[in-house]
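Please read them alongside the structure.

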Amino acid sequence: MERRFVYMDYNATTPLRPEVKAEMIEDLELYANASSLHEAGRKARSRIERSRAAVAALIGAKDPERVVFTSGGSESNNTVFATMFHLGRKGGRKGIVTTKIEHPCVLNAAKWLADEGFPVTFLDVDEYGVVDMDQLRRAVGPETLLVSVMAANNEIGTVQDIRAIAAIAKAAGAYMHTDATQSVGKIPVSVDDWGVDYMTMSCHKLYGPKGIGGLYVREGRPLEPLIRGGHQEHGFRAGTYNNQGIMGFGLAAELAKAELDDYVERIGGLRRRLRDGILAAVPKCRVNGHPERVLPNTLNVSFPGAEGEAILLSLDLEGIRVSTGSACASGSLDPSHVLMATGVGPELAHGSIRFSLGRDSTEEDVDYVVSRIGPIIARLRSMSTVSY
Amino acid sequence: MDSERNDEDGGYSGPILYYTDAVIDHFTNPRNVGEMADDEADGYACIGDPGCGDEMKLWIAVRDERIERIAFKSYGCPGAISTSSMLTVLAEGRTLDEALAITDDDVVGALGGIPENKQHCSLLGVKALRAAVASARR
């Protein structure tokens, strides 16, 4: 096949949709501060509230007011953990239960609470990345303040049973938070079906702009602002409204909701095509993550005998953009904490590649990647010290 | 892949963020890849650990105190593969004493630099060469 440019790193970020980009450019002309009382300010504010309703609709939140706009997933997650810090310091429950495969911003926020004297449990996952429910039941009790489990994993795509996890948290009287950064726009998400108290969202994973995200907070649940100041977002998140970001988020959410069924079916089909093609093209490789309970767009494969960044650069030179769980890519000596938690072992973790598809992906893209991966792995294995 | 240092950033001379053409060349066409049989090799070393992300095996054939032939195999990132390859180029034909004087900076310099966070990858080749020379002298 002729050389082509293939972006397969949609879990890292997505391109801005042309419709969203056009909306944001148009919105740049409306410079009014959405907190201003004059007509221009009121207009800007009403556009923001329409966006809030669109985001709420995407996640099944009946009351748009329960969505707080933030700068993104990291801020939303940190706001929840900061809230728990303030609650726990006042006495009462202090236990935090999360998992070993969370995004670094949850892991590091949890480690911060551990440093502050909060008892923190990092739950194990099985070989597919599924949370150990028995361990969860044992870990959650009358001292538990918060259970925080990501809805779907960014590296291997494994989808957790958030409804069952939230039920356990609720039965113990603990708050339930889920980081749905990788789930929103990719699988059906419903804060009520799931029964979560807090849910983190990011806009740039669903073809909207970077620098904007959201936090769903169920009515009556406490929230401590991370950024104090004015009265924006009911005082939960101060700072002048990010008009363009919020407009982009609103439209991206509206489009994601309208296209979700089609996305799940079409992208899921492309993922199967890619998986089957790679398994046929490369001997002795292994697919990581759950075989069925997985994001429709995420395929993580380990290639024994080849190192991840060497594979990544080889693909890059062919015009294919992916990511890897190898240590070298992260600048540390430890490979992907997610793959290590699933027990694949350091060698397979170092040799892992994440292919994440998106709405611009095509069968031609998939076939091109399949045509290139075989020779690349064969070349690296031929010079490798590692037998596989 | 950008060949010039940070040319995208209008000549900003900060840390090197991209691989140079020489690194890409040695990664895609590594020199002296292979193995030597026990009766061919005078010196051999295996350095690193695949569990830590890189491992290198190096063989040298020595004649009159000079490295006549050199071969390597590598499991590792592009930094490890390209520096290993360049190391073999620098060491081939040298006396054992000259080979021992080769430093990480020599290897990195010959490649026109490598990104800051990849500097540690260049250590493997020089370590392996020194160990192979030591084994040849035993």
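1. Helices (H or I, at least four residues) and strands (E, at least two) are taken here as DSSP runs, numbered from the N terminus. This is a predicted model, in which local features need pLDDT of at least 70 and side-chain atom pairs count only at pLDDT 80 or more, while totals for chains, interfaces and linings use all residues. Residues are numbered from 1 along each chain as its sequence is written, chains are lettered from A and ligands numbered from 1 in the order in which they are written, and side-chain values use heavy atoms, with hydrogens and water left out.

2. I162(A) belongs to helix α6 of chain A, which spans residues 162-171, and its relative accessible area of 2% makes I162(A) buried (under 20% relative accessible area is buried, over 50% exposed, and in between partly exposed, with a 1.4 Å probe and protein chains only). Apart from neighbours within four places in sequence, I162(A) has contacts (heavy atoms within 4.5 Å) with V149(A), M150(A), A151(A), M176(A), T178(A), W194(A) and V196(A). For one of these, T178(A), the separation from I162(A) is 16 residues in sequence and 7.7 Å in space, C-alpha to C-alpha.

3. The buried residues of α6(A) are I162(A), I165(A), A166(A), I168(A) and A169(A). Viewed down the helix axis, the buried residues of α6(A) fall within an arc of 155 degrees, so they line one face of the helix; the arc is that of the directions from the axis to the C-beta atoms. The face turned away from that buried side carries the exposed residues R163(A), K170(A) and A171(A). The cover over the buried residues includes α5 (133-139), β5 (144-148), β6 (175-179) and α7 (191-194) of chain A. G173(A), which follows α6(A), has a positive phi near 80 degrees.

4. An open, antiparallel sheet of four strands runs in the order β9-β10-β13-β12 in chain A. Because β9 (286-288) and β12 (323-324) of chain A stand at the edges with a single partner strand each, one side of each is left without a neighbour in the sheet. β12(A) pairs with β13 (residues 352-356) of chain A in the antiparallel sense over two bridges, where pairing requires that DSSP finds at least two bridges between the strands, and T324(A) stands opposite I353(A) in β13(A). Helix α9 (residues 308-317) of chain A packs on this sheet, touching β12 and β13 of chain A, and its direction makes about 45 degrees with that of β13(A); axes are lines fitted to C-alpha atoms, for helices over the stretch in contact, and angles run from 0 to 180 degrees between N-to-C directions.

5. Between the chains, 22 residues of chain A are in contact with 24 residues of chain B. The area buried there is about 2000 Å², with 65% coming from carbon and sulfur atoms (buried area is the accessible area, 1.4 Å probe, that two parts lose on being put together, summed over both). One salt bridge is found across this interface, with a salt bridge being a side-chain nitrogen of Lys or Arg within 4 Å of a carboxyl oxygen of Asp or Glu; the side chains of E309(A) and K118(B) form it, at 2.2 Å, N to O.

6. Which residue forms a salt bridge with E259(A)? The partner is R17(A), with the closest N and O atoms 2.9 Å apart. The pair links distant parts of the chain, 242 residues apart, with E259(A) in helix α8 (residues 243-281) and R17(A) in the loop between β1 (6-7) and α1 (18-28) of chain A. E259(A) is partly exposed at 29% relative accessible area, whereas R17(A) is buried at 3%.
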